[in-house]
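Keep the structure open beside you as you read.

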Amino acid sequence: MNIKNILISVSLLAVVACGQNDNANPLRGTNFVSDERGVNIVLTFANDEMRVNGRVVNLYNGTYELNGDKISFGPIASTMMMGPLNEMEIEQDYFKFLETVQTYTLTDEGKLTLENADGRTIVFQQVDAESEPVIKEITVVDEM
């Protein structure tokens, strides 16, 4: 392959990458809170990559993918602090729910609804970044 073809290929890749910016990902850089049975669930979508993080009882993070109104979440890593039993149960239920989420809707009013194949939903309300702390990535260290 000659230099001209390489430059054309790189230019096309750059154009495609720019075209998949914020317009293709309306969740990028947004923060949400849900009141799930009296427990606040914080969900933040990173501004510069396809990552999520948040807090229920514990801090958590993971990855996600979008394709139109389809969304899927990758494995979730979380800290392992104890809390009230009902909050811990809601947190575990939420993490299991994220594994099954298939679609999302986002209204102009900032209401984010995640839904799985069984029709179960969790509804979040968009909040300013200052309303809830943005949580940095959690590194999971294997214990020996």
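## The nonpolar core

The largest nonpolar core of this predicted model has 24 residues, and those with the most contacts inside it are L43, F45, I71, Y94 and L114. A nonpolar core here is a set of buried Ala, Val, Leu, Ile, Met, Phe, Trp, Tyr and Cys residues joined through side-chain atoms within 4.5 Å. Two or more core residues come from each of β2 (39-45), β4 (59-67), β5 (70-73), α2 (85-100), β7, β8 (111-116) and β9 (121-127). Helix α2 gives the largest share, five residues. In soluble globular proteins, nonpolar side chains tend to be buried together.

Leaving aside neighbours within four places in sequence, F45 is in contact (heavy atoms within 4.5 Å) with L27, R28, G29, T30, F32, R51, V52, Y64, I71, F73 and L112.

## R51, a partner of F45

R51, one of the residues that F45 contacts, lies in strand β3, residues 51-55. R51 counts as buried because its relative accessibility is 18%; buried means under 20% relative accessible area, exposed over 50%, and partly exposed in between, with a 1.4 Å probe and protein chains only.

The side chain of R51 also makes a polar contact with the side chain of N61, at 3.2 Å. Such a contact is a pair of N or O atoms within 3.5 Å; within protein, one must be able to donate a hydrogen and the other to accept it, and residues adjacent in sequence count only if both atoms are side-chain atoms.

## L106 in strand β7

Where does L106 lie? It belongs to strand β7, residues 101-106. With 28% relative accessibility, L106 counts as partly exposed.

Not counting residues up to four places away in sequence, L106 touches P26, L27, F32, K111 and L112. L106 and D69 are 37 residues apart in sequence, and their C-alpha atoms are 9.2 Å apart in space.

## The whole chain

The protein has two helices and nine strands, in the order α-β-β-β-β-β-β-α-β-β-β from the N terminus. These are DSSP runs numbered from the N terminus: helices are H or I of at least four residues, strands E of at least two.

Of the 144 residues, 36% count as buried. Among contacts between residues at least 6 apart in sequence, 43% join residues at least 24 apart.

## Reading the values

Residues are numbered from 1 along each chain as its sequence is written, and side-chain values use heavy atoms, with hydrogens and water left out. As this is a predicted model, local features need pLDDT of at least 70 and side-chain atom pairs count only at pLDDT 80 or more, whereas totals for chains, interfaces and linings use all residues.
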